[in-house]
Amino acid sequence: MGANLEHMVATLEQELITGQPDLALVVENDSLVLRGPFKLIKDGRHFDTYEIEVLVRALDLHQIPVVKEIGGRIPKNPDRHINDDGTACLFLPDERFRLCPPGTTIPDFLAGPVWNYFYSQSYFEECGTWPFGEHRHGLEGVLDFYSELTGMTETLSILKFLSYLVAKKVKPHWSCYCGSGTQLTACHLEILTHCRSTILRRDALQSYQLLKSTLPIHRNWLEKKSTKPKRNKNSFPDLAKTFPIFLKK
Amino acid sequence: MAIQTPNDYLQAVLEQKTVSSSNQTNDYIKELVDEREKVKTILETKYPGASLALHFAGSYAKNTMTLPPSDLDLAAYVQRDETAVGDTLEDIYQNLHDTLAETYNVEKHRSCVRLLSRKDGEEMAASIDVVPGRYINEDSKQDSQCFIYQTEGEKCRLKTDLRAQVRHVRDSGFTNIIKLAKVWKKQNNVSVRTFVLELLIIKILSNAEDVKSSDYAACLRTVWNAFKEDIENISIEDPGNANNDLSGIFDASTKASLKSHASTALTCADIDMWSSILGTVEVKDKAEKRAILESIRVSTPQVAQSRPWARI
């Protein structure tokens, strides 16, 4: 980090001026940290504040910053989506493609997912519910997310989908993850292709490993080969079998 | 009060960022008024029986003070024939400086002695500017014109009329607009003396047609439009003395700054971004907070929503 630190500090200082000017930018142990009051403002009305700390690991957000609530206001309780050490569970990492797409800057990150998270906490405090809903904890949240994404409800289908998602290469003739028995190319290949181009492999891999580690693996479901006989397009059809009349002399 | 319109927002700015009838007992103000009493006691002790009066001047007297206050202005004027404090204006200035320097850390400025902090370490809410002067007329109640000393400039004395200056602003009917403009000036580092800003606003709005002083948004727009389109043609004069030359404090650089910042302010006002020019206001009312939370929930498009998740 050391060599790029000065550049990161200079860039970020300029960007933060308009967004959250009260956050102080400090360099600690060769890392860039934003610390201070995070203000929730809507139409010029400042309605809430949280004391936060943001560990910035990369300006281009290829590593999502670690956000902590340091004011002790949010109870450290998984139901409040905050870990024991105060780190905030902003969103499911697999959703990064939507919430922090390439080109997102740190100020965008603060104004987007971080703002949403703390706004949601304020809403929960006042109303007892989450304004945009919530993902269930851990594995269940992962399943919910992929279920919504793929339309699948079967856990094993989702597991197979994830295995395809993280595979280095996907062959169109593989059996579809939905369990229909048909090939991908004739089934849900499009969704898979789209997700492979948007969801970061390393985020999907984490979810896949989490799911795999907690479920018994059913080989037949993870079997990539199609259940229908493979047709060799380059060979002539076996006429004797197809047309027995040709066997008669 | 729920904020629905720009005027609602501007009213909230007035209540939270300026001294108003609803917050006159603000701690800052009480401290400054108490400090004035201390200065008065010091001077009365040093010059017992002298006809030396300590008047509130500046924004406090004119009802245009913003929060937190940058300073408190006091006018320390002696009657025409009083010599206990000093024979000449320069003597009065120097003697007051020396007297106050026993209790405060002081600085000499062009026309005032600035009290920066107390020597005993007790904190002051803001600095205090004490302007020494001498009334010209024997009957200062009838005629409040006076001379004040200048440490620099072509002339060592300046003729002015504090009461006339205060009344011109306080009784103009535009003190709220002036306060909002001062907030704008501070928020955006507009390079203009407050005195000049006050005179400009009063001049512009006095000549404006169909603008109600209670319509803060319209008044500010009128002022900013005038700064943007017509600043070169606006002239001002000191209500304390029409012969005072204000060109030194209303110069080309000041005009350029007003024009540029006014243009930005108008752009922001046009897209309803008043808070980017006047700052945010605090939501103190619980019901208003709830209303804001709910309005955000319904107005955030699905693509922008994120749901928290805990990895346990």
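This is a guided tour of a two-chain model, stop by stop.

**Before you start**

This is a predicted model: local features need pLDDT of at least 70, side-chain atom pairs count only at pLDDT 80 or more, and totals for chains, interfaces and linings use all residues. Residues are numbered from 1 along each chain as its sequence is written, chains are lettered from A and ligands numbered from 1 in the order in which they are written, and side-chain values use heavy atoms, with hydrogens and water left out.

**Stop 1: chain A**

Select chain A and colour by secondary structure. Chain A holds 9 helices and 4 strands. Helices (H or I, at least four residues) and strands (E, at least two) are DSSP runs, numbered from the N terminus. Follow chain A along the sequence and the order reads α-β-β-β-β-α-α-α-α-α-α-α-α. Of its 249 residues, 42% count as buried. Buried means under 20% relative accessible area, exposed over 50%, and partly exposed in between, with a 1.4 Å probe and protein chains only. Now turn to contacts, meaning heavy atoms within 4.5 Å. Among contacts in chain A between residues at least 6 apart in sequence, 51% join residues at least 24 apart.

**Stop 2: chain B**

Switch to chain B. Chain B has 11 helices and 8 strands. Its C-alpha trace spans about 80 × 55 × 30 Å along the principal axes. Chain B has 312 residues, and buried ones make up 48% of them. For contacts in chain B between residues at least 6 apart in sequence, 63% link residues at least 24 apart.

**Stop 3: the two domains of chain B**

Colour residues 23-160 of chain B as domain 1 and 172-278 as domain 2. These bounds come from an automatic or database domain assignment. The C-alpha centres of the two domains lie 28 Å apart. Their contact takes 11 residues from domain 1 of chain B and 12 residues from domain 2 of chain B.

How much area do domain 1 and domain 2 of chain B bury between them? About 840 Å², with 46% of it on carbon and sulfur atoms. Buried area is the accessible area (1.4 Å probe) that two parts lose on being put together, summed over both.

A salt bridge is a side-chain nitrogen of Lys or Arg within 4 Å of a carboxyl oxygen of Asp or Glu. The count between the two domains of chain B is 1 salt bridge. There are also 4 residue pairs in polar contact between them (both at pLDDT 80 or more). A polar contact is a pair of N or O atoms within 3.5 Å; within protein, one must be able to donate a hydrogen and the other to accept it, and residues adjacent in sequence count only if both atoms are side-chain atoms.

Next, highlight α3 (58-62) and β7 (157-161) of chain B. Each supplies at least two residues of the side of domain 1 that touches domain 2. The largest share, 3 residues, comes from β7(B).

**Stop 4: B:Ser257**

Select helix α9 (residues 252-270) of chain B to see its place. Is B:Ser257 buried or exposed? B:Ser257 counts as buried because its relative accessible area is 11%. Its side chain reaches the backbone nitrogen of B:Ser191 at 3.0 Å. Leaving out residues up to four places away in sequence, B:Ser257 touches B:Val190 and B:Ser191.

**Stop 5: where the chains meet**

Bring back both chains. The contact takes 30 residues from chain B and 41 residues from chain A. Together the chains bury about 3,300 Å², 56% of it on carbon and sulfur atoms. Select B:Arg307, B:Pro308 and B:Trp309, which supply 27% of the area that chain B buries against chain A, more than any other three residues.

Chain B and chain A share 5 salt bridges. One to display is the pair A:Arg45 and B:Glu288, at 3.8 Å from N to O.

End on β8 (281-282) and α11 (286-299) of chain B. Each supplies at least two residues of the side of chain B that touches chain A. Helix α11(B) gives the most, with 10 residues.
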